[in-house]
Amino acid sequence: MASSLDPWLKEYNEASRLADDISSMIADRGSLPQSGPEIMRHTSAIRRKITILGTRLDSLESLLARIPPKSITDKEMHKRQDMLSNLKSKAKQMATSFNMSNFANREDLLGQSKKADDMSRVAGLDNQGIVGLQRQIMKEQDEGLEKLEETVLSTKHIALAVNEELTLHTRLIDDIEDHVDVTNSRLKRVQKRLAILNKHTKGGCSCMCLLLSVVAIVILAVIVWLLVKYL
């Protein structure tokens with residue numbers, strides 16, 4: 001029987017507890033709002049733990065391959081292989097639900113860590129080294145989350161600035177339209193006044209012509225009368 005202090009079993013138990021923790025977090029995710037920062041942080045934490053679980057599974061596979069042939073029985077070896085296979089299936093199912101299918105292109109939150117890279121990083125590490133590596137991965141992912149948050153906030157500020165600029169332009173356009181309407185009204189009033197003035201001017205000219213005609217007739221009548229009187 002394998003000892004309870006067996007490094008492989010100890011690592012497997014930790015990976016199994018991590019898988020149970022992920023399952024619990026996935027179940028809790030259904031009670032959160034469908035959008036917003038809370039669900040984003042929760043989902044990011046789940047994806048991060050799935051990545052860590054993948055690293056642990058790689059470590060288990062590496063440890064299992066390095067076990068000396070005669071240190072455990074064939075039955076125990078097959079049992080561990082089945083245990084690892086079952087845990088991998090569970091992890092694959094959880095990863096698939098978050099578009100991290102099969103760990104073939106398993107990514108951290110920045111989309112850069114792959115399985116081959118994880119294998120190379122855990123190769124030759126003991127349990128303490130693997131724990132240190134996992135802490136380093138978590139630190140890197142936390143830094144990635146901080147950068148992502150900064151990017152989101154920067155994008156938000158840019159969007160707000162653009163919105164304010166659009167609002168200002170809309171107000172300017174509305175003001176221009178108001179000025180155009182006022183100018184158009186004034187132009188129509190001036191046109192009406194010009195029409196009235198033109199009409200009055202034409203009327204004044206007609207009266208003057210009539211007056212001149214009357215004066216001319218009177219003068220002509222006086223001349224005729226004088227001619228008749230003195231001739």
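## Helix axes

An axis is a line fitted to the C-alpha atoms of a helix, over the stretch in contact. Two packed helices are described by the angle between their axes and the distance between the axes. This model is predicted.

## Helices α2 and α3

Start with α2 and α3. Their axes cross at roughly 160° and come within 11 Å. Angles over 145 degrees count as roughly antiparallel. That makes α2 roughly antiparallel to α3. Their crossing is left-handed.

Which residues make the contact? On the α2 side they are Ile50, Leu53, Leu57, Leu60, Glu61 and Leu64. On the α3 side they are Met77, Arg80, Gln81, Leu84, Leu87, Lys88, Ala91, Met94 and Ala95. Sorted by class, this contact of α2 with α3 has 11 nonpolar residues, one polar residue and three charged residues.

## Helices α1 and α2

Now take α1 and α2. Helix α1 covers residues 7-29, and helix α2 covers residues 37-66. They pack at an angle of about 160°, and their axes are 9 Å apart. The two helices are therefore roughly antiparallel to each other. The crossing of α1 past α2 is left-handed.

What classes of residue make up the contact of α1 with α2? There are 17 nonpolar, three polar and seven charged residues.

## The largest nonpolar core

The largest nonpolar core holds 27 residues. Seven of its members touch the most others: Trp8, Ile22, Ile50, Leu53, Leu57, Leu60 and Leu87. Helices α1, α2 and α3 each supply at least two residues of this core. Helix α3 spans 74-96. Which helix gives the most? It is α2, with nine residues.

Look at Leu87, one of the members that touch the most others. Set aside residues up to four places away in sequence. Leu87 then touches Tyr12, Ala15, Ser16, Ala19, Leu57 and Leu60. Leu57, Leu60 and Leu87 also take part in the contact between α2 and α3.

## Arginine 48

Helix α2 also contains arginine 48. Is this residue buried or exposed? Its relative accessible area is 16%. Buried means under 20%, so arginine 48 is buried.

What does arginine 48 touch, leaving aside its neighbours within four places in sequence? It is in contact with Met138, Gln141 and Asp142.

Definitions and conventions: Residues numbered from 1 in each chain as written. Predicted model: local features only at pLDDT ≥ 70, side-chain atom pairs only at ≥ 80, totals over all residues. Heavy atoms only, no water. Axes fitted to C-alpha atoms, helices over the stretch in contact; angles between N-to-C directions. Helix = DSSP H or I, 4+ residues; strand = E, 2+ residues; numbered from the N terminus. Parallel < 35°, antiparallel > 145°, perpendicular 65-115°, else oblique. Left-handed = near helix turned anticlockwise from the far one by under 90°. Nonpolar A, V, L, I, M, F, W, Y, C, P; charged D, E, K, R; others polar. Core = buried A, V, L, I, M, F, W, Y, C linked by side-chain atoms within 4.5 Å. Buried < 20%, exposed > 50% of the residue type's maximum accessible area, 1.4 Å probe, protein only. Contact = heavy atoms within 4.5 Å.
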